[in-house]
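Me: I'd like to learn how to read a structure like this one, feature by feature. Can you walk me through it?

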Amino acid sequence: MGHLAAIRNGDHASFIEVYEQLHPKLFRFFLKRVYFHDTAKDLTQQCFIRLWQYRHTLSAEHPLEKQVFIIGRSLLINHLKKEATQKKLKMNAGREWSGTVEPAGDVLFERVEEVNAAIDTLPPVRRRVLMLKAIHGFSNKEIAHQLEISVKTVEDHVTKAFRHIRQVIAIFLLLPTGVIILLNCI
């Protein structure tokens, strides 16, 4: 029985083996993106806690390591969103205290590098669908035919891609520049 099946069945020894095998790799993944040792350590621990808590939902169709990194990526995005929200709250509190008001305006898509970085964070198929749609101007039907998927799936990919890009760019606008550069690697 492989580690994946054993962990799904609650085998603690297999879980420990996977932990020891993937811990360093996952820790480096987080450290490259958050800069702080303690934060990377906490995110790594949270990832393995989630893996154990939700072990019954693991898929036999995908490698265990891939599923661990999907959990890790989700935790990272949640962490960055939380930091961005906290920063925004601090900025708003500071503005209220100083009595200054920031000018209104939609600045989400003003910087091309932020859009490109957001596109780079999309899963490969979704990125390809978006490029075929937005850059090459293919219709949903043409994309579906080319990728051998349904038109509804193409529509779903396009909708989710734009939603994801808006969310990532919103995070970019709230984070320091150094963190934005690292997000390109996600």
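Me: Which helix holds T44?

Reply: T44 is in helix α3. Keep in mind that this is a predicted model.

Me: Is T44 buried or exposed?

Reply: The idea is to look at relative accessible area, where buried means under 20%. T44 comes out at 0%, so it counts as buried.

Me: And which residues does T44 touch, leaving out those up to four places away in sequence?

Reply: With those set aside, T44 touches H23, L26, F27 and F30. Two of those names, L26 and F30, come back when we get to the largest nonpolar core.

Me: Let's go there, then. Which residues of the largest nonpolar core touch the most other members?

Reply: This core has 24 residues, and the ones touching the most other members are L26, F30, C47, L51, L64, V68 and L76. At least two residues each come from α1 (3-8), α2, α3 (37-53) and α4. The largest share is from α2, which gives 8 residues.

Me: Can we zoom in on one of them? What does L51 touch, not counting residues up to four places away in sequence?

Reply: L51 touches F15, L58, L64, V68 and I71. L64 and V68 are also on the list of core residues that touch the most other members.

Me: What other core lies apart from the largest one?

Reply: There's another core of 9 residues, and L130, A161, I165 and I169 are among them.

Me: Back to buried residues. Where does Q67 sit, and what is it in contact with beyond its neighbours within four places in sequence?

Reply: Q67 is in helix α4, which covers residues 64-98. Its relative accessibility is 10%, so Q67 counts as buried. Leaving those neighbours aside, Q67 is in contact with L4, L58, S59 and H62. L58 is also one of the residues touched by L51.

Me: Now for charges. How many salt bridges are there?

Reply: The general idea goes like this: side chains of opposite charge can pair when their charged atoms come close. In this model the count comes to 3 salt bridges.

Me: Which residue does K25 pair with, and how far apart are the closest N and O atoms?

Reply: K25 forms a salt bridge with E65, with the closest N and O atoms 2.5 Å apart. K25 lies in helix α2 (residues 12-34) and E65 in helix α4, so the pair ties together parts 40 residues apart in sequence. K25 is partly exposed at 41% relative accessible area, and E65 is partly exposed too, at 30%.

Me: What about K152 and E155, how far is N from O in their salt bridge?

Reply: Their side chains meet at 3.8 Å, N to O. Both are in helix α8 (residues 151-174), and because they are 3 residues apart, about one helical turn separates them. K152 is exposed, at 64%, whereas E155 is partly exposed, at 33%.

Me: And D156 with K160, where do they lie?

Reply: Both lie in helix α8, 4 residues apart, about one turn of the helix. D156 is partly exposed, with a relative accessible area of 34%, and K160 is partly exposed at 33%.

Terms used:
Residues numbered from 1 in each chain as written. Predicted model: local features only at pLDDT ≥ 70, side-chain atom pairs only at ≥ 80, totals over all residues. Heavy atoms only, no water. Buried < 20%, exposed > 50% of the residue type's maximum accessible area, 1.4 Å probe, protein only. Contact = heavy atoms within 4.5 Å. Salt bridge = Lys/Arg side-chain N within 4 Å of Asp/Glu carboxyl O. Core = buried A, V, L, I, M, F, W, Y, C linked by side-chain atoms within 4.5 Å.
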